[in-house]
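Visitor: Hey, could you walk me through this one? I'm new to reading structures.

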Amino acid sequence: MDGDVSERVPASVDLKEQYESSGVREVLDELDRELIGLAPVKQRIRETAALLLVDRARREMGLAHETPTLHMSFTGNPGTGKTTVALKMAGLLHRLGYVRKGHLVSVTRDDLVGQYIGHTAPKTKEVLKKAMGGVLFIDEAYYLYKPDNERDYGQEAIEILLQVMENNRDDLVVIMAGYADRMDRFFAANPGFRSRIAHHIEFPDYTDEELGRISETMLEVQGYRFDEAGRAAMEEYIRLRRAQPHFANARSIRNALDRARLRQANRLFEGDGPVDAATLSTISEADIRPSRVFSGGLDIDGSRKRDEP
Amino acid sequence: MRITQGCFSFLPDLDDAQISAQVEYILSKEWAVGIEYTDEPHPRNTYWEMWGHPMFDLKDAKGVMMELEECRKAHGDSYIRINAFDSTRGWETVMMSFIVNRPAQEPSFRTWRQEVDGRSMRYTHELVAR
């Protein structure tokens, strides 16, 4: 329609001004504010944002034409904030104009791979259609590839994904996430993915101190707070919990707090007399100490019991 | 004979960018998008073949354009239309429907006239392939 209007090439681009006006700064500030810790991740995202901003400026001035490869992999242990960061990343890419809509479609193997022959391709395509114009987040991507079963339908999903990642680079960005070591093996077995993914971001585990701050923020959002002894108990809980199996960083903390709230409610319910607002919103030592973590820990699979004579 | 059915059919055929823009409009209204095709464009033929399922939860027109591309590959010499369905209670109907693909050679219609019950007339239209 406007083909006859000659494109005006700007002589210079003010990157600082673009940083402000595109809303990238907003997203990065939000990231800083809302996510505790994760310094290397924030650093990488800042670098990626700078790269994309410069690239956009280059394209405006006619120095580059190709859409850069934006597919990413997020590696890290469970509960380290991969999904949350992916959500922010979608917002960032949207503000920079690399994806048109900026929504996040989060899927796992079950959403992509079918149950029988001929079921996988339509299923994968359905998901891809929904993700168009946004970000497709594949959690635990390595489950797509099962080397011990060569007739596994995951391979079909992988092929469709690779094709779309190559041909529809303007339309969607794929982020694959999972444990670091298994992702490495996955990429080694599927070199097609490795070459199509430009940004590898590693998510470190949270430190005890960071998890402490996270627990307080989580409570604050729900309108609770720790008292002095409660906070000390929580710190000890974090220290003990880390050494026990199935530790999932922030997710473990959230579950622990949910159980603490349950115990608090029971404690107040069984106590006598009226309660005031402060009591209703305080998590104290008595709500955290009864946790199994303090009495030798969770024994989910019963392995410890079997070891005992 | 050029078939004129649905929206925009008196305009020149929409190109892909224009179709995409129309689909964006449909999605902005949160209507479901369906792709249908037929080789029999008689006005009384309301039941066209469905191409896949109607698409209920897309965010971007690209998803529809991909399906349309596939449909054109398979049925390039048919009529293809895009329907927009509004599921809001009280409407529950097709809000928009337009042709996005025509065969290279379009069929024409012949009118049959029949005298019945004295001087009464009955008309029917028959599709004639060219």
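Visitor: How many residues of chain A are in contact with chain B?
Guide: In this predicted model, 9 residues of chain A are in contact with 8 residues of chain B. In contact means that their C-beta atoms, placed from the backbone, lie within 7 Å.

Visitor: And what classes of residue are on the chain A side that touches chain B?
Guide: That side has 1 nonpolar, 3 polar and 5 charged residues. Ala, Val, Leu, Ile, Met, Phe, Trp, Tyr, Cys and Pro count as nonpolar, Asp, Glu, Lys and Arg as charged, and the others, Gly among them, as polar.

Visitor: OK, chain A. How many helices and strands are there?
Guide: Chain A has 15 helices and 7 strands. Those are DSSP runs numbered from the N terminus: helices are H or I with at least four residues, strands are E with at least two. The C-alpha trace of chain A spans about 80 × 50 × 30 Å along its principal axes.

Visitor: What does the UniProt annotation cover in chain A?
Guide: The unreviewed UniProt entry annotates residues 68–207 of chain A as "domain: AAA+ ATPase". Such annotations may be inferred rather than shown by experiment. The span is 43% helix and 18% strand, and its end C-alpha atoms lie 35 Å apart.

Visitor: Which residues are buried in helix H8 of chain A?
Guide: In H8(A), residues 180–189, the buried ones are A:Met183, A:Phe186 and A:Phe187. Buried means 20 or more other C-beta atoms within 10 Å of the residue's own, exposed means 12 or fewer, and partly exposed is in between, with C-beta atoms placed from the backbone.

Visitor: Why are they on the same side of H8(A)?
Guide: Because they cover an arc of only 95° around the axis, going by the directions from the helix axis to the C-beta atoms. On the other side of H8(A), A:Asp181 and A:Ala188 are exposed.

Visitor: What covers the buried residues of H8(A)?
Guide: The cover includes strands E1 (72–76) and E4 (173–178) and helix H9 (191–196) of chain A.

Visitor: Switching to chain B: in what order do the strands of the open sheet come?
Guide: The order is E2-E1-E3-E4, with antiparallel pairing. Two strands pair if DSSP finds at least two bridges between them. E2 (49–50) and E4 of chain B are the edge strands, each pairing on one side only.

Visitor: And why is E3(B) largely enclosed?
Guide: Because 6 of the 8 residues of E3(B), residues 79–86, are buried. E3(B) is joined to E1(B) by 7 bridges, and E3(B) also pairs with E4(B) over 7 bridges.

Visitor: How many residues lie between E3(B) and E4(B) in the hairpin?
Guide: There are 6, and B:Gly90 in the turn has a positive phi of about 105°.

Key: Residues numbered from 1 in each chain as written. Chains lettered and ligands numbered in written order. Predicted model: local features only at pLDDT ≥ 70, side-chain atom pairs only at ≥ 80, totals over all residues. Contact = placed C-beta atoms within 7 Å.
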